[in-house]
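Me: I want to go through the aromatic contacts and then the ligand site. Can you take me through them?

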Amino acid sequence: MKKVFVIGIGAGNPDYLTVQAINALNEVDVFFIMDKGEEKDDLVRLRKEICERYIKDKSYRTVETADPPRDRTASSYERAVQTWHEQRALIYERLIGEELAENECGAFLVWGDPSLYDSTLRIIDQIIARGKVAFDYEVIPGISAVQALAAKHKIALNRIGRSVHITTGRKIAEGLPNGIDDVVVMLDGDGAFNAIDDTDIDIYWGAYVGTADEILVAGKLRDRVHDIERMRAEAKARKGWVMDTYLLRRHGA
Ligand SMILES: C[S@@+](CC[C@H](N)C(=O)[O-])C[C@H]1O[C@@H](n2cnc3c(N)ncnc32)[C@H](O)[C@@H]1O
């Protein structure tokens, strides 16, 4: 039987790899690396660095494949993402079917943790449902950007006995969720925090957390919003892409 590992590699620092992830890396014959366009160089480099650093027997193979582009002009976001996942499922199916021999082990290295805003597990489910290739798979957790952000700011995400809400910039642009005072925001391409005019909110913001480019800012949202927007724009101009995550916390709640 073929085997596929879905390995969480942490959100940017090679030291975030767990012992379980390192053990899994050392069983892999073929790494499937998806080329994601402009972020590619940095992210592909990190994945290669991780392999170089942690794998003792260097006889593994690497197969790089272009990630199909998502239609960013589509009227339905959900439909566009669904189509994109279907296209990726066909590619992953081909990789597992053609690039992996029987009894070999393949791996997808997933940024952060595979359970959080990552489509790999949904795509694996689709491949299994199609029934064209047979394989076992195992999921290895990783340190997500959310955990890395909390550690860097030295904060607990929840307050005692309270909830934490994790959402996207797209959702937060529609307004803060009712009755929740601690909200983690990911995938915010447009800086949705800019539009929040609530004066009682603190922000704990981090870009490229865990990497050499890391930027951290914390304070009252109203006081820090322009600094964050400027640093974000400068970082994006310098690197071509930005990855940031933040906690919005209603103070005194
Ligand atoms: C497609 S999601 C992947 C999340 C990932 N699976 C995780 O567990 O962190 C990409 C988003 O994660 C966040 N992110 C990932 N790495 C980050 C980092 N090093 N610093 C800040 N945010 C990061 C950003 O919000 C980015 O838009």
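Reply: What follows covers ring pairs, charges over rings and the ligand shell. This is a predicted model, in which local features need pLDDT of at least 70, side-chain atom pairs count only at pLDDT 80 or more, and totals for chains, interfaces and linings use all residues. Residues are numbered from 1 along each chain as its sequence is written, and side-chain values use heavy atoms, with hydrogens and water left out.

Me: How many aromatic pairs are there in the whole structure?
Reply: The search finds six. Rings of Phe, Tyr and Trp (its six-membered ring) pair if their centres lie within 6.5 Å; planes under 30 degrees apart are stacked, over 60 edge-to-face, and the rest tilted. One of the six is Phe-193 with Tyr-246, edge-to-face at 5.3 Å centre to centre and 90° between the planes.

Me: Where do Phe-193 and Tyr-246 lie?
Reply: Phe-193 is in the loop between strands E7 (182-186) and E8 (201-207), and Tyr-246 is in strand E10 (residues 244-250), so the pair ties together parts 53 residues apart in sequence. Helices (H or I, at least four residues) and strands (E, at least two) are DSSP runs, numbered from the N terminus.

Me: What about the rings of Tyr-208 and Trp-241?
Reply: Their centres are 5.5 Å apart and their planes at 80°, so that pair is edge-to-face. Tyr-208 is buried at 2% relative accessible area, and Trp-241 is buried at 4%.

Me: Which charged end sits over the ring of Tyr-208?
Reply: That of Lys-239, 5.5 Å from the ring centre. The criterion is NZ of Lys or CZ of Arg within 6 Å of the ring centre and within 35 degrees of the ring normal. Arg-88 likewise has its charged end over the ring of Trp-84, 4.3 Å from its centre.

Me: Now the ligand. How many residues surround it?
Reply: 16, the closest being Ala-11, Trp-111, Leu-116, Asp-244 and Thr-245; a residue is near if one of its heavy atoms lies within 4 Å.

Me: Which N or O atoms lie by the ligand nitrogens?
Reply: A backbone N or O atom of Ala-11 lies 2.6 Å from a ligand nitrogen. A side-chain N or O atom of Thr-245 is 2.8 Å from a nitrogen atom of the ligand.

Me: How much of the ligand does the protein bury?
Reply: 89% of the 570 Å² that the ligand exposes when taken alone, with areas from the Shrake-Rupley method and a 1.4 Å probe.

Conventions: Buried < 20%, exposed > 50% of the residue type's maximum accessible area, 1.4 Å probe, protein only. Polar contact = N/O pair within 3.5 Å; in protein donor to acceptor, adjacent residues only side chain to side chain.
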